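Subject: Handing over a model

Hi,

Here is the structure I promised to pass on to you. Please open it alongside this note.

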Amino acid sequence: MRALISVYDKDRVVEFARGLSELGFEIVSSGGTATVLAEGGLAVTTVEDVTGFPEILGGRVKTLHPHIHAGILARRELEEDVAIVAGHGIELFDLVCVNLYPFELAVDRPELDESGLIEMIDIGGPALLRAAAKSFASVVAVCRPQDYDAVLAELWAGRGTTTLELRRRLATVAFARTAAYDSAIARWFQRDDDFPETFVPAFDRALELSYGENPHQAAAYYAERGARTHLLSFVEQLGGKPLSFNNLNDLSAARLLAAELDGPACVIVKHANPCGVAVAETIDQAYARALAADPVSAYGGVVVLNRAVGTDLGKALAEQFVEVLFAPAYEAPALETLKAKQSLRILEYSEQRGLDEGERDYRRVLGGVLVQDRDVGTAPRSELSVVCGELAESGWRDLLFAWTVVKHVTSNAIVLARDGQTVGIGAGQMSRVDAVRIAIEKARELGHELDGAVLASDAFFPFVDGAQLALDAGVVALIQPGGSKRDAEVIEAVSAAGAAMVFTGRRHFRH
(Lines give C-alpha, C1' and ligand atoms only; values in the text may rest on other atoms or scores of the structure.)
Protein backbone atom coordinates (compact mmCIF):
# COMPACT_ATOMS: atom_id res chain seq x y z
CA MET A 1 0.00 0.00 0.00
CA ARG A 2 1.20 3.52 -0.80
CA ALA A 3 0.28 6.93 0.52
CA LEU A 4 1.24 10.32 -0.92
CA ILE A 5 1.44 13.04 1.72
CA SER A 6 2.03 16.74 0.95
CA VAL A 7 0.47 19.21 3.37
CA TYR A 8 0.60 22.89 4.29
CA ASP A 9 -1.03 22.32 7.69
CA LYS A 10 1.36 19.90 9.36
CA ASP A 11 -0.70 19.52 12.52
CA ARG A 12 -0.61 15.82 13.53
CA VAL A 13 0.73 14.78 10.13
CA VAL A 14 3.64 12.87 11.70
CA GLU A 15 1.22 10.86 13.87
CA PHE A 16 -0.99 10.20 10.87
CA ALA A 17 1.91 9.07 8.71
CA ARG A 18 3.24 6.90 11.54
CA GLY A 19 -0.15 5.21 11.79
CA LEU A 20 -0.11 4.55 8.03
CA SER A 21 3.44 3.24 8.24
CA GLU A 22 2.47 0.83 11.01
CA LEU A 23 -0.31 -0.44 8.75
CA GLY A 24 2.27 -1.21 6.09
CA PHE A 25 1.97 1.87 3.87
CA GLU A 26 4.93 3.20 1.96
CA ILE A 27 5.05 6.96 2.53
CA VAL A 28 5.78 9.15 -0.49
CA SER A 29 6.27 12.86 0.14
CA SER A 30 7.94 16.02 -1.09
CA GLY A 31 9.45 19.30 0.10
CA GLY A 32 8.80 20.48 3.63
CA THR A 33 6.42 17.63 4.41
CA ALA A 34 9.07 15.03 3.58
CA THR A 35 11.51 16.84 5.86
CA VAL A 36 9.05 16.94 8.77
CA LEU A 37 8.20 13.26 8.38
CA ALA A 38 11.85 12.26 8.18
CA GLU A 39 12.64 14.32 11.27
CA GLY A 40 9.80 12.44 12.95
CA GLY A 41 11.69 9.20 12.40
CA LEU A 42 9.68 7.92 9.43
CA ALA A 43 11.03 6.30 6.29
CA VAL A 44 10.04 8.52 3.36
CA THR A 45 10.29 7.97 -0.38
CA THR A 46 10.63 11.33 -2.11
CA VAL A 47 8.54 12.31 -5.10
CA GLU A 48 11.78 12.72 -7.07
CA ASP A 49 12.60 9.08 -6.38
CA VAL A 50 9.21 8.09 -7.82
CA THR A 51 9.28 10.33 -10.89
CA GLY A 52 13.00 10.22 -11.62
CA PHE A 53 12.65 13.95 -12.22
CA PRO A 54 13.69 16.86 -9.99
CA GLU A 55 11.47 19.73 -8.89
CA ILE A 56 11.73 22.48 -11.51
CA LEU A 57 10.63 26.06 -12.12
CA GLY A 58 11.20 27.08 -8.53
CA GLY A 59 8.95 24.34 -7.23
CA ARG A 60 6.07 25.06 -9.62
CA VAL A 61 6.37 21.54 -10.97
CA LYS A 62 6.79 18.77 -8.40
CA THR A 63 4.05 16.18 -8.60
CA LEU A 64 2.67 16.89 -12.09
CA HIS A 65 4.03 13.68 -13.55
CA PRO A 66 2.49 10.45 -14.96
CA HIS A 67 4.23 8.35 -12.33
CA ILE A 68 2.21 10.27 -9.73
CA HIS A 69 -1.11 11.00 -11.39
CA ALA A 70 -1.45 7.74 -13.29
CA GLY A 71 -0.81 5.96 -9.99
CA ILE A 72 -3.83 7.80 -8.58
CA LEU A 73 -6.16 7.85 -11.58
CA ALA A 74 -5.76 4.30 -12.82
CA ARG A 75 -9.04 2.40 -12.55
CA ARG A 76 -8.31 -0.75 -10.62
CA GLU A 77 -11.38 -2.52 -12.02
CA LEU A 78 -10.22 -2.03 -15.64
CA GLU A 79 -7.64 -4.55 -16.81
CA GLU A 80 -6.50 -2.13 -19.52
CA ASP A 81 -5.64 0.60 -16.99
CA VAL A 82 -3.83 -1.86 -14.75
CA ALA A 83 -1.86 -3.21 -17.69
CA ILE A 84 -0.89 0.27 -18.89
CA VAL A 85 0.49 1.45 -15.55
CA ALA A 86 2.26 -1.88 -15.07
CA GLY A 87 3.80 -1.56 -18.51
CA HIS A 88 5.22 1.83 -17.57
CA GLY A 89 6.46 0.69 -14.20
CA ILE A 90 3.97 2.92 -12.38
CA GLU A 91 2.96 1.87 -8.87
CA LEU A 92 -0.55 2.66 -7.57
CA PHE A 93 -1.46 4.98 -4.72
CA ASP A 94 -4.11 3.98 -2.20
CA LEU A 95 -4.26 7.21 -0.21
CA VAL A 96 -3.52 10.87 -0.98
CA CYS A 97 -3.23 13.36 1.89
CA VAL A 98 -3.02 16.99 0.73
CA ASN A 99 -4.18 20.22 2.32
CA LEU A 100 -3.86 23.64 0.77
CA TYR A 101 -2.49 26.96 1.96
CA PRO A 102 -5.57 29.17 2.50
CA PHE A 103 -5.30 31.70 -0.30
CA GLU A 104 -7.52 34.07 1.70
CA LEU A 105 -4.68 34.34 4.24
CA ALA A 106 -2.15 35.10 1.55
CA VAL A 107 -4.29 37.98 0.29
CA ASP A 108 -4.13 39.56 3.76
CA ARG A 109 -0.32 39.40 3.93
CA PRO A 110 0.91 42.97 3.34
CA GLU A 111 4.39 41.85 2.28
CA LEU A 112 3.03 40.03 -0.78
CA ASP A 113 2.55 42.03 -3.96
CA GLU A 114 0.74 40.66 -6.99
CA SER A 115 3.67 38.56 -8.19
CA GLY A 116 4.10 37.14 -4.69
CA LEU A 117 0.43 36.22 -4.50
CA ILE A 118 0.59 34.55 -7.90
CA GLU A 119 3.31 32.27 -6.54
CA MET A 120 1.00 31.32 -3.67
CA ILE A 121 -1.49 29.77 -6.11
CA ASP A 122 -1.15 26.01 -5.71
CA ILE A 123 -1.48 23.97 -8.89
CA GLY A 124 -0.16 20.55 -7.92
CA GLY A 125 -2.05 20.27 -4.62
CA PRO A 126 -5.56 20.77 -6.02
CA ALA A 127 -4.68 18.50 -8.95
CA LEU A 128 -3.68 15.70 -6.56
CA LEU A 129 -6.81 16.14 -4.46
CA ARG A 130 -9.10 16.18 -7.47
CA ALA A 131 -7.43 13.09 -8.90
CA ALA A 132 -7.78 11.21 -5.62
CA ALA A 133 -11.39 12.34 -5.15
CA LYS A 134 -12.26 11.33 -8.72
CA SER A 135 -10.79 7.90 -7.98
CA PHE A 136 -12.69 7.49 -4.69
CA ALA A 137 -13.72 3.99 -5.77
CA SER A 138 -10.26 2.86 -4.72
CA VAL A 139 -8.33 5.88 -3.37
CA VAL A 140 -8.75 7.70 -0.06
CA ALA A 141 -8.59 11.52 -0.44
CA VAL A 142 -7.70 13.22 2.85
CA CYS A 143 -7.55 17.03 3.02
CA ARG A 144 -8.23 17.86 6.71
CA PRO A 145 -6.36 16.87 9.88
CA GLN A 146 -9.73 16.36 11.57
CA ASP A 147 -10.27 13.29 9.36
CA TYR A 148 -7.01 11.53 10.29
CA ASP A 149 -8.46 9.58 13.21
CA ALA A 150 -11.49 8.32 11.27
CA VAL A 151 -9.30 7.18 8.37
CA LEU A 152 -6.83 5.34 10.61
CA ALA A 153 -9.66 3.73 12.56
CA GLU A 154 -11.21 2.34 9.39
CA LEU A 155 -7.85 1.19 8.03
CA TRP A 156 -7.12 -0.70 11.25
CA ALA A 157 -10.62 -2.17 11.35
CA GLY A 158 -10.44 -3.15 7.68
CA ARG A 159 -6.83 -4.38 7.86
CA GLY A 160 -5.67 -1.76 5.37
CA THR A 161 -8.98 -1.21 3.58
CA THR A 162 -11.67 1.45 3.93
CA THR A 163 -15.37 1.53 3.15
CA LEU A 164 -16.77 3.07 0.00
CA GLU A 165 -18.96 5.25 2.23
CA LEU A 166 -15.91 6.84 3.86
CA ARG A 167 -14.08 7.33 0.57
CA ARG A 168 -17.15 8.93 -1.01
CA ARG A 169 -17.60 11.28 1.96
CA LEU A 170 -13.94 12.32 1.88
CA ALA A 171 -14.15 12.86 -1.89
CA THR A 172 -17.09 15.19 -1.31
CA VAL A 173 -15.03 17.17 1.19
CA ALA A 174 -12.05 17.27 -1.18
CA PHE A 175 -14.03 18.58 -4.15
CA ALA A 176 -15.65 21.21 -1.93
CA ARG A 177 -12.20 22.26 -0.68
CA THR A 178 -10.72 22.63 -4.15
CA ALA A 179 -13.82 24.51 -5.33
CA ALA A 180 -13.54 26.92 -2.39
CA TYR A 181 -9.83 27.33 -3.07
CA ASP A 182 -10.45 28.22 -6.71
CA SER A 183 -13.26 30.54 -5.60
CA ALA A 184 -10.84 32.49 -3.39
CA ILE A 185 -8.41 32.91 -6.28
CA ALA A 186 -11.21 33.94 -8.66
CA ARG A 187 -12.46 36.53 -6.16
CA TRP A 188 -8.97 37.96 -5.89
CA PHE A 189 -8.71 38.29 -9.65
CA GLN A 190 -12.17 39.88 -9.65
CA ARG A 191 -11.28 42.39 -6.94
CA ASP A 192 -11.66 45.38 -9.27
CA ASP A 193 -14.87 44.08 -10.82
CA ASP A 194 -17.81 45.15 -8.65
CA PHE A 195 -20.25 42.71 -10.22
CA PRO A 196 -18.34 40.00 -12.11
CA GLU A 197 -19.93 37.92 -14.80
CA THR A 198 -19.64 34.82 -12.62
CA PHE A 199 -20.07 35.31 -8.88
CA VAL A 200 -18.26 32.65 -6.86
CA PRO A 201 -18.41 33.21 -3.08
CA ALA A 202 -17.62 30.27 -0.82
CA PHE A 203 -19.07 29.48 2.60
CA ASP A 204 -18.04 27.04 5.33
CA ARG A 205 -20.59 25.56 7.69
CA ALA A 206 -19.94 27.19 11.05
CA LEU A 207 -22.89 25.90 13.04
CA GLU A 208 -25.50 23.18 12.69
CA LEU A 209 -28.98 24.35 13.68
CA SER A 210 -31.88 22.32 15.01
CA TYR A 211 -34.21 23.87 12.45
CA GLY A 212 -34.76 27.00 10.39
CA GLU A 213 -37.17 29.91 10.62
CA ASN A 214 -39.88 27.33 11.36
CA PRO A 215 -39.59 23.82 12.84
CA HIS A 216 -40.31 22.11 9.51
CA GLN A 217 -37.34 23.84 7.81
CA ALA A 218 -33.84 22.34 8.04
CA ALA A 219 -31.03 24.89 8.47
CA ALA A 220 -27.37 25.63 9.16
CA TYR A 221 -25.23 28.75 9.57
CA TYR A 222 -22.42 29.27 7.04
CA ALA A 223 -19.58 31.78 7.33
CA GLU A 224 -18.21 33.35 4.18
CA ARG A 225 -14.63 32.51 3.31
CA GLY A 226 -12.36 35.54 3.11
CA ALA A 227 -14.68 37.79 5.13
CA ARG A 228 -12.90 40.05 7.59
CA THR A 229 -15.22 38.90 10.35
CA HIS A 230 -18.50 37.04 10.67
CA LEU A 231 -21.43 36.82 13.04
CA LEU A 232 -19.84 34.31 15.41
CA SER A 233 -16.12 34.97 14.95
CA PHE A 234 -14.37 35.43 18.30
CA VAL A 235 -17.67 34.72 20.03
CA GLU A 236 -17.86 32.26 22.94
CA GLN A 237 -21.12 30.90 24.30
CA LEU A 238 -20.90 30.89 28.07
CA GLY A 239 -24.29 29.43 28.84
CA GLY A 240 -27.78 28.58 27.67
CA LYS A 241 -29.40 26.54 24.93
CA PRO A 242 -27.95 26.14 21.43
CA LEU A 243 -28.41 29.12 19.13
CA SER A 244 -31.31 28.95 16.70
CA PHE A 245 -31.81 30.25 13.17
CA ASN A 246 -34.00 33.12 14.41
CA ASN A 247 -31.51 33.90 17.20
CA LEU A 248 -28.76 34.38 14.64
CA ASN A 249 -30.93 36.44 12.32
CA ASP A 250 -31.90 38.76 15.17
CA LEU A 251 -28.34 38.86 16.50
CA SER A 252 -27.05 40.01 13.11
CA ALA A 253 -29.62 42.81 12.96
CA ALA A 254 -28.78 43.93 16.49
CA ARG A 255 -25.01 43.83 15.96
CA LEU A 256 -25.17 45.83 12.74
CA LEU A 257 -27.11 48.58 14.50
CA ALA A 258 -25.00 48.54 17.67
CA ALA A 259 -21.84 48.92 15.58
CA GLU A 260 -23.07 52.33 14.41
CA LEU A 261 -23.81 53.76 17.86
CA ASP A 262 -21.33 55.80 19.89
CA GLY A 263 -20.88 55.53 23.63
CA PRO A 264 -22.52 53.02 25.95
CA ALA A 265 -25.42 51.58 23.94
CA CYS A 266 -28.02 48.84 24.08
CA VAL A 267 -30.01 47.39 21.19
CA ILE A 268 -32.95 45.05 21.71
CA VAL A 269 -34.20 43.26 18.61
CA LYS A 270 -37.27 41.15 18.00
CA HIS A 271 -38.07 39.54 14.63
CA ALA A 272 -35.07 41.30 13.04
CA ASN A 273 -36.36 44.77 14.00
CA PRO A 274 -35.15 46.96 16.85
CA CYS A 275 -37.87 47.42 19.47
CA GLY A 276 -35.75 49.34 21.97
CA VAL A 277 -32.52 51.26 21.46
CA ALA A 278 -30.76 53.69 23.76
CA VAL A 279 -27.45 55.41 24.35
CA ALA A 280 -26.53 56.76 27.78
CA GLU A 281 -23.68 57.68 30.10
CA THR A 282 -23.44 54.11 31.43
CA ILE A 283 -24.32 50.72 29.99
CA ASP A 284 -26.71 50.09 32.90
CA GLN A 285 -28.66 53.22 31.97
CA ALA A 286 -28.58 52.32 28.28
CA TYR A 287 -30.12 48.92 28.96
CA ALA A 288 -32.77 50.30 31.32
CA ARG A 289 -33.83 52.90 28.76
CA ALA A 290 -33.78 50.46 25.82
CA LEU A 291 -35.98 48.08 27.79
CA ALA A 292 -38.32 50.90 28.85
CA ALA A 293 -38.68 51.94 25.22
CA ASP A 294 -40.97 48.95 24.60
CA PRO A 295 -40.84 46.32 27.38
CA VAL A 296 -43.70 44.31 25.87
CA SER A 297 -41.96 43.81 22.52
CA ALA A 298 -38.61 43.21 24.26
CA TYR A 299 -39.98 40.01 25.83
CA GLY A 300 -37.97 37.14 24.37
CA GLY A 301 -35.70 39.45 22.39
CA VAL A 302 -32.01 39.59 21.59
CA VAL A 303 -30.05 42.08 23.69
CA VAL A 304 -26.74 43.47 22.42
CA LEU A 305 -24.56 45.61 24.70
CA ASN A 306 -21.29 47.31 23.78
CA ARG A 307 -19.89 47.48 27.30
CA ALA A 308 -19.16 44.87 29.98
CA VAL A 309 -21.99 43.57 32.13
CA GLY A 310 -21.53 44.32 35.81
CA THR A 311 -23.20 42.79 38.86
CA ASP A 312 -26.22 45.13 38.97
CA LEU A 313 -26.84 44.92 35.24
CA GLY A 314 -26.59 41.14 35.42
CA LYS A 315 -29.37 41.11 38.02
CA ALA A 316 -31.53 43.43 35.91
CA LEU A 317 -31.08 41.27 32.83
CA ALA A 318 -31.90 38.11 34.78
CA GLU A 319 -35.26 39.58 35.69
CA GLN A 320 -36.34 39.61 32.03
CA PHE A 321 -36.97 36.86 29.50
CA VAL A 322 -34.08 37.29 27.08
CA GLU A 323 -33.36 34.82 24.28
CA VAL A 324 -29.78 35.92 23.56
CA LEU A 325 -27.44 38.24 25.46
CA PHE A 326 -24.37 39.55 23.64
CA ALA A 327 -21.67 41.61 25.39
CA PRO A 328 -17.88 42.06 25.36
CA ALA A 329 -17.41 40.84 28.95
CA TYR A 330 -19.18 39.78 32.14
CA GLU A 331 -18.12 40.29 35.73
CA ALA A 332 -18.03 36.99 37.63
CA PRO A 333 -21.06 37.70 39.87
CA ALA A 334 -23.08 38.84 36.84
CA LEU A 335 -22.20 35.71 34.92
CA GLU A 336 -23.15 33.51 37.85
CA THR A 337 -26.53 35.22 38.09
CA LEU A 338 -27.17 34.96 34.36
CA LYS A 339 -26.15 31.30 34.15
CA ALA A 340 -28.94 30.49 36.56
CA LYS A 341 -31.27 31.26 33.65
CA GLN A 342 -30.68 27.95 31.89
CA SER A 343 -32.38 28.92 28.64
CA LEU A 344 -30.52 32.25 28.29
CA ARG A 345 -27.90 32.08 25.57
CA ILE A 346 -24.97 34.11 26.93
CA LEU A 347 -22.47 35.21 24.31
CA GLU A 348 -19.16 36.98 24.94
CA TYR A 349 -17.26 38.51 22.06
CA SER A 350 -13.64 39.55 21.82
CA GLU A 351 -13.60 40.60 18.16
CA GLN A 352 -11.50 43.73 17.70
CA ARG A 353 -11.85 44.09 13.95
CA GLY A 354 -14.49 46.47 12.68
CA LEU A 355 -17.18 45.49 10.21
CA ASP A 356 -16.10 45.48 6.58
CA GLU A 357 -17.83 48.43 4.97
CA GLY A 358 -17.10 46.98 1.55
CA GLU A 359 -18.95 43.76 2.33
CA ARG A 360 -21.70 42.84 -0.10
CA ASP A 361 -25.30 42.16 0.84
CA TYR A 362 -26.91 38.99 -0.56
CA ARG A 363 -30.64 38.37 -0.88
CA ARG A 364 -31.93 35.01 -2.05
CA VAL A 365 -34.65 35.26 -4.70
CA LEU A 366 -36.31 32.69 -6.91
CA GLY A 367 -33.54 30.83 -8.72
CA GLY A 368 -30.89 33.43 -7.97
CA VAL A 369 -29.41 35.98 -5.61
CA LEU A 370 -29.57 39.78 -5.50
CA VAL A 371 -26.19 41.32 -4.71
CA GLN A 372 -25.69 44.89 -3.58
CA ASP A 373 -23.40 47.12 -1.53
CA ARG A 374 -24.25 46.93 2.15
CA ASP A 375 -26.06 50.03 3.44
CA VAL A 376 -23.33 51.14 5.83
CA GLY A 377 -23.04 54.39 7.72
CA THR A 378 -24.99 57.57 7.21
CA ALA A 379 -24.17 60.84 5.49
CA PRO A 380 -22.00 63.11 7.67
CA ARG A 381 -23.72 66.01 9.36
CA SER A 382 -21.90 68.48 7.10
CA GLU A 383 -23.76 67.03 4.11
CA LEU A 384 -27.22 67.32 5.69
CA SER A 385 -29.53 70.22 4.88
CA VAL A 386 -31.71 72.01 7.40
CA VAL A 387 -34.65 72.95 5.18
CA CYS A 388 -36.66 74.73 7.87
CA GLY A 389 -36.47 75.70 11.53
CA GLU A 390 -33.50 75.74 13.88
CA LEU A 391 -31.81 72.96 15.81
CA ALA A 392 -29.98 73.02 19.11
CA GLU A 393 -27.12 70.58 19.64
CA SER A 394 -29.39 68.27 21.64
CA GLY A 395 -31.83 68.23 18.74
CA TRP A 396 -29.08 67.26 16.35
CA ARG A 397 -27.99 64.40 18.63
CA ASP A 398 -31.50 62.98 18.76
CA LEU A 399 -32.04 63.37 15.02
CA LEU A 400 -28.79 61.61 14.15
CA PHE A 401 -29.53 58.87 16.68
CA ALA A 402 -33.02 58.31 15.24
CA TRP A 403 -31.64 58.42 11.69
CA THR A 404 -29.10 55.72 12.55
CA VAL A 405 -31.79 53.51 14.07
CA VAL A 406 -34.36 53.91 11.28
CA LYS A 407 -32.06 52.47 8.63
CA HIS A 408 -32.17 49.19 10.56
CA VAL A 409 -35.97 49.05 10.70
CA THR A 410 -38.02 47.24 8.05
CA SER A 411 -39.61 49.67 5.57
CA ASN A 412 -41.77 51.63 5.63
CA ALA A 413 -40.04 52.71 8.82
CA ILE A 414 -40.59 55.51 11.31
CA VAL A 415 -38.60 56.05 14.51
CA LEU A 416 -39.56 58.47 17.26
CA ALA A 417 -36.77 59.30 19.71
CA ARG A 418 -36.12 61.55 22.66
CA ASP A 419 -32.95 62.08 24.71
CA GLY A 420 -31.06 59.18 23.10
CA GLN A 421 -33.90 56.69 23.45
CA THR A 422 -36.38 55.29 20.97
CA VAL A 423 -39.91 55.97 22.20
CA GLY A 424 -41.94 54.68 19.27
CA ILE A 425 -41.13 52.53 16.22
CA GLY A 426 -43.42 51.89 13.27
CA ALA A 427 -42.02 49.07 11.15
CA GLY A 428 -42.84 47.20 7.97
CA GLN A 429 -45.94 49.12 6.94
CA MET A 430 -47.18 49.38 3.37
CA SER A 431 -48.03 53.07 3.85
CA ARG A 432 -45.83 55.63 5.56
CA VAL A 433 -48.70 57.33 7.34
CA ASP A 434 -49.61 54.01 9.00
CA ALA A 435 -46.00 53.63 10.18
CA VAL A 436 -46.22 57.11 11.76
CA ARG A 437 -49.56 56.28 13.37
CA ILE A 438 -48.24 53.04 14.87
CA ALA A 439 -45.10 54.72 16.24
CA ILE A 440 -47.21 57.43 17.91
CA GLU A 441 -49.74 54.97 19.30
CA LYS A 442 -47.03 52.73 20.77
CA ALA A 443 -45.31 55.72 22.37
CA ARG A 444 -48.54 56.87 23.96
CA GLU A 445 -49.49 53.38 25.16
CA LEU A 446 -46.15 53.11 26.93
CA GLY A 447 -46.40 56.56 28.49
CA HIS A 448 -43.55 58.18 26.58
CA GLU A 449 -43.49 61.95 26.35
CA LEU A 450 -43.76 63.03 22.72
CA ASP A 451 -43.53 66.79 23.29
CA GLY A 452 -39.97 67.54 22.17
CA ALA A 453 -39.46 64.20 20.43
CA VAL A 454 -37.90 63.83 16.99
CA LEU A 455 -38.88 61.66 14.04
CA ALA A 456 -36.81 59.81 11.46
CA SER A 457 -38.30 58.43 8.26
CA ASP A 458 -36.35 55.99 6.10
CA ALA A 459 -37.78 57.51 2.91
CA PHE A 460 -39.52 60.73 1.92
CA PHE A 461 -43.11 61.61 2.83
CA PRO A 462 -45.19 61.23 -0.33
CA PHE A 463 -47.92 63.33 1.29
CA VAL A 464 -48.03 65.78 4.16
CA ASP A 465 -50.35 63.55 6.26
CA GLY A 466 -47.64 61.51 7.99
CA ALA A 467 -45.57 64.52 8.95
CA GLN A 468 -48.67 66.34 10.18
CA LEU A 469 -49.62 63.45 12.47
CA ALA A 470 -46.19 63.63 14.06
CA LEU A 471 -46.30 67.40 14.45
CA ASP A 472 -49.74 67.24 16.06
CA ALA A 473 -48.36 64.65 18.52
CA GLY A 474 -45.60 67.02 19.69
CA VAL A 475 -42.66 66.16 17.43
CA VAL A 476 -40.34 69.17 17.11
CA ALA A 477 -37.87 67.94 14.47
CA LEU A 478 -37.91 65.54 11.56
CA ILE A 479 -35.18 63.94 9.47
CA GLN A 480 -35.85 62.31 6.13
CA PRO A 481 -34.23 61.93 2.70
CA GLY A 482 -36.44 64.43 0.88
CA GLY A 483 -37.06 64.11 -2.83
CA SER A 484 -40.85 63.95 -2.92
CA LYS A 485 -42.90 65.96 -5.41
CA ARG A 486 -44.66 67.32 -2.34
CA ASP A 487 -41.55 68.30 -0.37
CA ALA A 488 -42.67 71.94 -0.44
CA GLU A 489 -45.99 71.03 1.21
CA VAL A 490 -44.23 69.04 3.92
CA ILE A 491 -41.75 71.86 4.55
CA GLU A 492 -44.61 74.33 4.80
CA ALA A 493 -46.41 72.19 7.39
CA VAL A 494 -43.28 71.68 9.48
CA SER A 495 -42.42 75.37 9.33
CA ALA A 496 -45.97 76.38 10.27
CA ALA A 497 -45.74 74.16 13.37
CA GLY A 498 -42.51 75.90 14.42
CA ALA A 499 -40.58 72.66 14.02
CA ALA A 500 -37.34 71.87 12.20
CA MET A 501 -36.62 69.44 9.40
CA VAL A 502 -33.44 68.00 7.91
CA PHE A 503 -33.04 66.48 4.46
CA THR A 504 -30.32 63.83 4.15
CA GLY A 505 -30.49 63.12 0.42
CA ARG A 506 -30.07 59.42 1.17
CA ARG A 507 -32.81 56.81 1.44
CA HIS A 508 -32.55 53.81 3.75
CA PHE A 509 -35.08 51.22 2.59
CA ARG A 510 -34.75 47.83 4.27
CA HIS A 511 -36.77 44.84 3.16
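Below is what came out of it, topic by topic.

Some ground rules come before the findings. This is a predicted model, in which local features need pLDDT of at least 70 and side-chain atom pairs count only at pLDDT 80 or more, while totals for chains, interfaces and linings use all residues. Residues are numbered from 1 along each chain as its sequence is written, and side-chain values use heavy atoms, with hydrogens and water left out.

Nonpolar cores

A nonpolar core here is a set of buried Ala, Val, Leu, Ile, Met, Phe, Trp, Tyr and Cys residues joined through side-chain atoms within 4.5 Å. Buried means under 20% relative accessible area, exposed over 50%, and partly exposed in between (1.4 Å probe, protein chains only). The largest such core has 43 residues, and L251 and V267 have the most contacts inside it. Helix α16 (residues 393-406) gives the most to this core, contributing 7 residues; helices (H or I, at least four residues) and strands (E, at least two) are DSSP runs, numbered from the N terminus. A second, separate core holds 31 residues, including L112, A133, V173 and I185. In soluble globular proteins, nonpolar side chains tend to be buried together.

Apart from residues within four places in sequence, V267 is in contact (heavy atoms within 4.5 Å) with A254, L257, A258, L261, G276, V277, V302, V303 and V304.

A hairpin

Strands β14 (residues 360-365) and β15 (residues 368-373) pair in the antiparallel sense over 6 bridges; pairing requires that DSSP finds at least two bridges between two strands. R363 stands opposite L370 in β15. The hairpin has 2 residues between its strands, and G367 takes a positive phi near 70° there.

Salt bridges

The structure holds 22 salt bridges, each being a side-chain nitrogen of Lys or Arg within 4 Å of a carboxyl oxygen of Asp or Glu. Here are some of them:

- R144 bridges to D147, with the closest N and O atoms 2.9 Å apart. R144 is buried, at a relative accessible area of 15%, and D147 is buried too, at 4%.
- R225 pairs with D204, the closest N and O atoms being 2.7 Å apart. This pair links distant parts of the chain, 21 residues apart: R225 lies in the loop between β7 (219-224) and β8 (235-239), and D204 in strand β6 (residues 203-209). R225 counts as buried at 16% relative accessibility, whereas D204 is partly exposed at 33%.
- R345 pairs with E323, with 2.7 Å between the closest N and O atoms. Distant parts of the chain are linked here as well, 22 residues apart, with R345 in strand β13 (residues 345-349) and E323 in strand β12 (residues 322-327). R345 is buried at 6% relative accessibility, while E323 is partly exposed at 21%.

Cysteines

How many disulfides does the structure hold? It holds 0, taking a disulfide as a pair of cysteine sulfur atoms within 2.5 Å. For C97, the nearest cysteine sulfur is that of C143, 8.5 Å away, and this is too far for a bond. C97 counts as buried at 1% relative accessibility, and C143 is buried at 5%.
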